[in-house]
Amino acid sequence: MSWTRPAALRAQVQKLWERGDLLAGVVTGEPLFPRRLTLRGPSSQEMTDRFDAVRAWIGELRAMPHCRVEMREFRHRLFGTNAVPQEVWIDTLDDALAIVGKRREASRFGGLLEATRACQPELLAWLAKRPLRALELAEEWRRLLDIVAWLQRHPRPGVYLRQVDIPGVHSKFIEAQRGVLGELLDLALPPAAIDPSAAGVSQFARRYGFRDKPQRIRFRILDRRHALLAGDPEQDLTLDARSFARIDPQVERVFITENEINFLAFPAVPHSLILFGAGYGFEMLREADWLSRSRIHYWGDIDTHGFAILDQLRAHIADVESFLMDRATLLAFATHWGEEDRQTLRDLPRLNAEEGALYDDLRDNRLRRNLRLEQERIGFGWVEAALAGLDASAPEAL
């Protein structure tokens with residue numbers, strides 16, 4: 001039988017709850033009730049042929065609490081005039097909440113709504129849009145409102161999260177709630193207090209004017225004539241991005257590698273330095289204007305992710321040259337091929353023709369499935385030969 005049973009009626013109301021409609025209406029005042037539920041009953045033939053089953057079905061519906069069942073008459077050739085359900089209605093929000101067992105949750109939401117309406121009415125739209133998420137945050141809601149109010153009083157405060165002094169709130173709580181706080185602050189703060197160029201949890205501090213942990217750039221000077229620290233033969237240095245942008249070491253070439261051992265073992269090269277690419281975003285390099293006067297070489301793994309990183313780097317520095325990421329290098333070390341765990345398959349528009357052809361061969365598995373040559377598997381002599389072949393304008397001897 002396809003007749004609508006009480007469980008199916010409850011499921012319709014449950015769907016209203018799960019979509020947030022029941023609680024959203026409390027915020028917006030939009031009338032949801034009385035509300036007619038979808039009802040499918042027996043056909044005329046079924047009422048004639050299965051009278052006992054129909055009568056049992058009628059009893060189930062009429063016994064269902066918190067529903068109003070409207071009846072219509074039908075005439076049975078043997079049993080005379082009878083009444084059968086024609087429509088089922090939920091008359092009030094309270095009835096709907098009772099059917100799905102959510103009266104307690106609705107009462108808790110009412111408390112959140114009252115507190116929000118009293119001190120942060122700008123956030124009522126968020127409550128209407130995400131009422132079930134608000135319920136999940138019920139224990140933290142008051143603290144979230146306090147953080148919003150603090151930032152309204154101190155727009156773009158220029159301090160670390162650790163320095164925010166709100167009773168009952170610590171910096172780890174703010175860090176853990178950055179996602180929802182971002183949604184709330186975007187509604188509650190004036191546009192001047194928000195940096196629209198910063199988005200996502202990772203850029204929360206910059207978006208709302210907090211100080212953030214400085215990103216650090218590690219590099220080695222490959223020509224001691226450009227040493228920044230006298231008497232230090234290694235010249236393995238780490239600076240915050242702002243300080244790195246200010247040094248201007250007067251080099252002609254900059255190499256970037258993702259492997260720390262390659263970074264440490266990279267040979268001396270005239271008028272050059274090397275960056276360790278792990279641990280900071282390439283966008284930080286854009287602050288260093290002196291890089292525009294240098295030829296920049298990126299050395300990554302020969303696999304789909306290596307070329308994806310090269311493509312990403314060129315989004316920030318367009319004229320970056322790849323280093324040892326060519327077909328000849330790949331084929332020369334075929335005995336050292338490995339396997340990439342999970343390939344990237346998207347198009348990479350910033351690769352040149354040679355790089356793009358090799359990338360296509362890798363992502364289409366034309367040479368071997370998930371082929372990867374890690375940069376540290378390339379022989380050191382091959383690295384030295386490639387460096388010697390570069391068209392350097394600097395003197396040959398160090």
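## Lining of the largest pocket

By class, the lining of the largest pocket splits into nine nonpolar, four polar and twelve charged residues. Here Ala, Val, Leu, Ile, Met, Phe, Trp, Tyr, Cys and Pro count as nonpolar, Asp, Glu, Lys and Arg as charged, and the others, Gly among them, as polar. This is a predicted model, where local features need pLDDT of at least 70 and side-chain atom pairs count only at pLDDT 80 or more, while totals for chains, interfaces and linings use all residues. Residues are numbered from 1 along each chain as its sequence is written, and side-chain values use heavy atoms, with hydrogens and water left out.

The largest pocket holds about 1,000 Å³ of space. A pocket is an open set of points on a 1 Å grid over the protein atoms alone, where a 1.4 Å probe fits, with protein on both sides within 12 Å along at least five of seven lines; lining residues have an atom within 4 Å of a point. The volume is the space filled by probe spheres set on the points, which are joined across faces, edges and corners. Of the 25 lining residues, R211, D212, K213, P214 and Q215 sit closest to the pocket centre. At least two lining residues come from each of α10 (171-176), α12 (204-207) and α13 (241-247), and α12 gives the largest share, three residues. Helices are DSSP runs (H or I, at least four residues), numbered from the N terminus.

## α9 and its partners

The axes of α9 (residues 141-153) and α11 (residues 178-188) come within 10 Å and cross at roughly 45°. Axes are lines fitted to C-alpha atoms over the stretch in contact, and angles run from 0 to 180 degrees between N-to-C directions. The two helices are therefore oblique to each other (under 35 degrees is roughly parallel, over 145 roughly antiparallel, 65 to 115 roughly perpendicular, the rest oblique). In contact terms (heavy atoms within 4.5 Å), W141, L144, I147, V148, L151 and Q152 of α9 meet V180, L181, L184, L185 and A188 of α11. That contact has ten nonpolar, one polar and no charged residues.

On α6 (residues 103-119), the angle to α9 is about 15°, with the axes 11 Å apart, which makes α6 roughly parallel to α9. W141 turns up here too: W141, R142 and L145 of α9 meet L112, A115, T116 and C119 of α6.

## α1 against α2

Helix α1 (residues 6-18) packs on α2 (residues 21-28) at about 55°, with axes 5 Å apart, so the pair is oblique. V13, L16 and W17 of α1 meet D21, L22 and L23 of α2.
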